[in-house]
Amino acid sequence: MIRRSKLLSYVLRHRPDEIGLVLDSAGWVGVDELLRAFSQKHDPMSRGELEDIVRGNDKARFAFSDDGKRIRALQGHSLDVELEYEPREPPDLLFHGTVASRLASIRERGLERGRRHDVHLSTSAEVAEGVGERRGRPVVLEVDAARMADAGHAFRCTPNGVWLTEHVPAVFIRFPD
Ligand code: HQG
């Protein structure tokens with residue numbers, strides 16, 4: 001299940017071409033088409049199994065369209081997709097989890113989106129800590145989102161509560177002592 005969920009992330013965020021799929025401009029692909037492509041290139045997957053992955057995913061990374069005919073990843077793309085989340089006013093404070101080895105560069109250049117579409121921010125320090133932990137001992141940075149928004153930076157929020165913005169200049173970051 002985890003392996004399949006990772007493969008689904010990979011296909012829907014980065015490399016649909018790997019199994020011969022093309023996503024539309026908002027990242028959607030037909031469920032039947034996806035299942036067919038999966039079954040041709042990997043083990044066969046049923047609609048029920050796909051539903052289990054989408055529902056069972058710890059971070060709600062995927063969603064079906066309202067009619068259930070299409071599926072997409074909710075964030076994390078490196079592909080050029082327009083997710084169409086409306087800009088929203090962020091909470092005053094947001095958090096970003098990273099590791100010590102990144103700090104010198106972040107102090108200099110701010111938080112950069114890298115390969116991803118956007119910088120990912122969390123509403124809680126605990127969640128950010130979990131994100132940082134993927135790379136080592138976590139360091140949690142505080143982002144002054146209210147001041148960023150005042151300065152004209154746009155924020156969007158995914159349906160699973162991840163806040164997205166293109167770049168966080170270092171002046172808006174509070175580093176731990
Ligand atoms: C760091 C997972 C040097 C940044 C997680 C991070 C999250 C810089 C890494 C989601 C930098 C990028 C996103 C700079 C940022 N210099 N390092 N100027 N600016 N960095 O994976 O935020 O499992 O692209 O601190 O749970 O770690 O994919 O971003 O360490 O929600 O659903 O560069 O990915 O979710 O790494 O994680 P990532 P992230 P999924």
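Glutamate 112 places a backbone N or O atom 3.0 Å from a nitrogen atom of the ligand, a polar contact being a pair of N or O atoms within 3.5 Å. The structure is a predicted model, in which local features need pLDDT of at least 70, side-chain atom pairs count only at pLDDT 80 or more, and totals for chains, interfaces and linings use all residues. Residues are numbered from 1 along each chain as its sequence is written, and side-chain values use heavy atoms, leaving out hydrogens and water.

- For glycine 110, a backbone N or O atom is 2.9 Å from a nitrogen atom of the ligand.
- The side chain of histidine 96 has an N or O atom 2.7 Å from an oxygen atom of the ligand.
- The protein buries 85% of the 780 Å² that the ligand exposes when taken alone (Shrake-Rupley method, 1.4 Å probe).

**Sheet**
- An open sheet is formed by 3 strands in the order β4-β7-β11, with antiparallel pairing (strands are DSSP runs of E, at least two residues, numbered from the N terminus; two strands pair if DSSP finds at least two bridges between them).
- Strands β4 (93-99) and β11 (173-174) are the edges, each pairing on one side only.
- Between β4 and the antiparallel strand β7 (residues 138-144) there are 7 bridges.
- Histidine 96 has leucine 141 in β7 as its bridge partner.

**Domains**
- The protein chain is divided into domain 1 (2-73) and domain 2 (93-174), with bounds from an automatic or database domain assignment.
- The C-alpha centres of domain 1 and domain 2 are 27 Å apart.

Definitions and conventions. Helix = DSSP H or I, 4+ residues; strand = E, 2+ residues; numbered from the N terminus. Polar contact = N/O pair within 3.5 Å; in protein donor to acceptor, adjacent residues only side chain to side chain.
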